[in-house]
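This report describes the pockets of a protein chain and the surroundings of its ligand. Please examine the sequence and the structure before reading on.

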Amino acid sequence: MTERFEPAHGTVLAEVTPERRRASIDLITAIREVMLAAAVTDLDVDEMRAAERALTEVARTLGKRTRTRVVRAPFGGPAAALAAGRGGSWPLFAHNPLGIPLEIHLDGDGAMARLTPNALHEGPPDLLHGGFGAGLMDCMLGVLMQARGKRSVTASLELRFLHGTPLDRPLELRSRIVEVSGRKAVAEGWIECEGRRTLEARGLFIEVRRDGA
Ligand SMILES: CC(C)(COP(=O)(O)OP(=O)(O)OC[C@H]1O[C@@H](n2cnc3c(N)ncnc32)[C@H](O)[C@@H]1OP(=O)(O)O)[C@@H](O)C(=O)NCCC(=O)NCCSC(=O)Cc1ccccc1
């Protein structure tokens, strides 16, 4: 089966009013706060039960009218942000609480983002989960590819976990394109904590064929 990467369902950001966008971003930010607080709360059982009832009610209210998909950013968004010269800044997962939100700064050849992971991102004790690290790298490399204005997808992603990546400390995430050949492009990325690289990634991206052949 050939993947078309053309959305069949859902709404793109451009179809949503600025007021709704702002409200959605604020709601998702509040939900992330709830996720963290719920994961680390040390309240008594009665208080946790009361919070659970309140949250179930919130879910019922929000679920009264729903979309089929999370409001999605256009594929060409990062390229447009770079071209518009707004410091080439592109937000990821502003409308999806499951994603780790990143503000990715693009300069054409490379990308950079900062993140302080918290208790929700734990894998081994006190360290970033390897799968979250892989996801962050896929984002850093993938958005860089989008910024080229090409509809490319990850074909392979190789990771080297050099050291554990600590929680609660500021991280710098970086990526850059190292090779382009026809429909194929290779990008590298890494995570740094206080000047030390903890994780390196190398990804192959393939520009998807538009004819569906
Ligand atoms: C499109 C493609 C990757 C390739 O299919 P086709 O177009 O039919 O490929 P075709 O056979 O024409 O080969 C062309 C050339 O490429 C080579 N090559 C191909 N594959 C591989 C390989 N695995 N490994 C190594 N090489 C490979 C192949 O040998 C050939 O080389 P050649 O020219 O002979 O030297 C397809 O497998 C697919 O759709 N996979 C699913 C992708 C997907 O779902 N990704 C995850 C979601 S995206 C994401 O997360 C990113 C993101 C994050 C955040 C934000 C934004 C973005």
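## A pocket between two domains

Because domain 1 (3-62) and domain 2 (77-207) both contribute residues to the lining of the second largest pocket, this pocket lies between them. The domain bounds come from an automatic or database domain assignment. The model is a predicted one: local features need pLDDT of at least 70, side-chain atom pairs count only at pLDDT 80 or more, and totals for chains, interfaces and linings use all residues. Residues are numbered from 1 along each chain as its sequence is written, and side-chain values use heavy atoms, with hydrogens and water left out.

A pocket is defined on a 1 Å grid over the protein atoms alone, as an open set of points where a 1.4 Å probe fits, with protein on both sides within 12 Å along at least five of seven lines; lining residues have an atom within 4 Å of a point. Its volume is the space filled by probe spheres set on the points, which are joined across faces, edges and corners. For the second largest pocket the volume is about 650 Å³. Its lining consists of 18 residues, and R20, S24, L27, R65 and R67 are the closest to the centre. With six residues, α1 gives the most to this lining, while α1 and α2 (45-62) each supply at least two.

## The largest pocket

The largest pocket holds about 1200 Å³ of space. Its lining comprises 40 residues, and those nearest the centre are R72, A73, L92, F93 and Q146. Domain 1 and domain 2 each provide at least three residues of this lining.

Four elements each supply at least two lining residues of the largest pocket: α1 (18-40), β1 (89-92), α4 (130-147) and β4 (152-161). Of the elements, α4 gives the most, with nine residues. The lining divides into 24 nonpolar, nine polar and seven charged residues. In this division, Ala, Val, Leu, Ile, Met, Phe, Trp, Tyr, Cys and Pro count as nonpolar, Asp, Glu, Lys and Arg as charged, and the others, Gly among them, as polar.

## The ligand and its shell

Around the ligand there are 14 residues, of which D138, R183, K184, I206 and R209 come nearest; a residue belongs here if one of its heavy atoms lies within 4 Å of the ligand. A backbone N or O atom of T154 is 3.0 Å from a nitrogen atom of the ligand, and for a backbone N or O atom of A155 the distance to a ligand nitrogen atom is also 3.0 Å. In the side chain of K184, an N or O atom lies 2.9 Å from an oxygen atom of the ligand.

Which elements give two or more residues to the shell around the ligand? They are α4, β4 and β7 (196-207). The most residues, four, come from α4. By class, the shell has six nonpolar, three polar and five charged residues.

## The chain as a whole

The protein chain has four helices and seven strands. Helices (H or I, at least four residues) and strands (E, at least two) are DSSP runs, numbered from the N terminus. In that direction the elements follow the order α-α-α-β-β-β-α-β-β-β-β. The C-alpha trace spans about 60 × 40 × 40 Å along its principal axes.

Methods. Polar contact = N/O pair within 3.5 Å; in protein donor to acceptor, adjacent residues only side chain to side chain.
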